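Here is a protein model to read term by term. Each reply sets a value against its cut-off.

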Amino acid sequence: MGKFETINILDMQRAVGEEDLESILSGFSCPMNQEVQFFVRKNALEFAKKRMSITYLVVDERSRVAAIFTLAHKPVQVTNMDLSRNMQKKAQRHAQLDEGTNTYMMSAFLLAQFGKNYQYGVSLITGQELMDLTIFTLKEIQTLIGGGMVYLECEEKPQLLNFYQGEKNNFRKFGERYSNKDATKYIQLLKFF
């Protein structure tokens with residue numbers, strides 16, 4: 001995919017050792033999303049070791065970490081009435097509708113973390129390049145284990161929603177969640193691929 005390489009964090013650990021990897025991760029800077037920055041610096045490697053999620057490092061031709069994305073595989077419940085007819089047809093390929101609750105319980109990929117690294121003063125990658133690499137990786141995983149849906153949660157901010165729901169990425173809203181811990185409303189978005 002061009003000038004970037006996507007590396008599984010566990011492969012990076014084997015290649016450079018845990019101490020050097022922790023040093024690389026400690027420099028990750030994402031001022032617009034402190035949650036992503038904290039996750040990369042403190043939890044990404046531990047979550048990968050426990051197989052709770054896998055973080056992928058997006059590295060440029062000079063071996064600089066340009067961005068990360070973290071994937072997990074989790075069940076998600078989607079209410080049928082929240083989906084367009086077209087989305088309902090796609091959902092039926094991946095799950096059975098529970099007519100009593102009018103919901104689908106689907107096994108899906110969760111895009112748990114998604115962020116660019118600003119440690120070099122500027123971003124080395126665009127958000128769209130990062131999303132394209134993420135979807136490319138998901139399609140590779142899909143050929144190995146199946147599946148066909150990815151979902152994410154993002155803050156209710158116009159810039160984020162425009163990016164995810166825009167024509168290029170085509171995620172669709174299926175719900176929302178309020179976090180008392182963060183005092184934040186999260187919009188839940190999904191995409192079939």
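Q: Where does glutamate 5 lie, and what makes that stretch a strand?
A: Glutamate 5 is in strand 1, residues 5-8. Helices (H or I, at least four residues) and strands (E, at least two) are DSSP runs, numbered from the N terminus. This is a predicted model, in which local features need pLDDT of at least 70, side-chain atom pairs count only at pLDDT 80 or more, and totals for chains, interfaces and linings use all residues. Residues are numbered from 1 along each chain as its sequence is written, and side-chain values use heavy atoms, with hydrogens and water left out.

Q: Which residues does glutamate 5 touch, not counting residues up to four places away in sequence?
A: Glutamate 5 touches Leu57, Val58 and Val59. Contact means heavy atoms within 4.5 Å. Glutamate 5 and leucine 57 are 52 residues apart in sequence, yet their C-alpha atoms are 8.1 Å apart.

Q: Why is helix 1 called oblique to helix 2?
A: The axes of helix 1 (residues 9-16) and helix 2 (residues 18-26) cross at roughly 125 degrees and come within 7 Å. That angle makes helix 1 oblique to helix 2. Under 35 degrees counts as roughly parallel, over 145 as roughly antiparallel, 65 to 115 as roughly perpendicular and the rest as oblique. The axes are lines fitted to C-alpha atoms, for helices over the stretch in contact, and angles run from 0 to 180 degrees between N-to-C directions.

Q: Which residues make the contact between helix 1 and helix 2?
A: Helix 1 supplies Ile9, Met12, Gln13 and Val16, and helix 2 supplies Glu18, Asp20, Leu21, Ile24 and Leu25. They divide into 6 nonpolar, 1 polar and 2 charged. Ala, Val, Leu, Ile, Met, Phe, Trp, Tyr, Cys and Pro count as nonpolar, Asp, Glu, Lys and Arg as charged, and the others, Gly among them, as polar.

Q: Why is leucine 71 called buried?
A: Leucine 71 has 6% relative accessibility, so it counts as buried. The cut-offs are under 20% relative accessible area for buried, over 50% for exposed, and in between for partly exposed (1.4 Å probe, protein chains only). Leucine 71 sits in strand 3, residues 65-79. Among its contacts beyond four places in sequence are Ser53, Tyr56, Leu111 and Ile141.

Q: Is asparagine 102 buried, exposed or partly exposed?
A: Partly exposed, because its relative accessibility is 28%. Asparagine 102 is in the loop between strand 4 (97-98) and strand 5 (103-116). Its phi is positive, about 60 degrees, although asparagine 102 is not a glycine.

Q: What makes alanine 183 exposed?
A: Its relative accessible area is 52%, so alanine 183 is exposed. Alanine 183 is in the loop between strand 7 (172-179) and strand 8 (184-192). Phi of alanine 183 is also positive, near 55 degrees.

Q: How many disulfides does a search of the whole structure find?
A: The search finds 0 disulfides. A disulfide is a pair of cysteine sulfur atoms within 2.5 Å.
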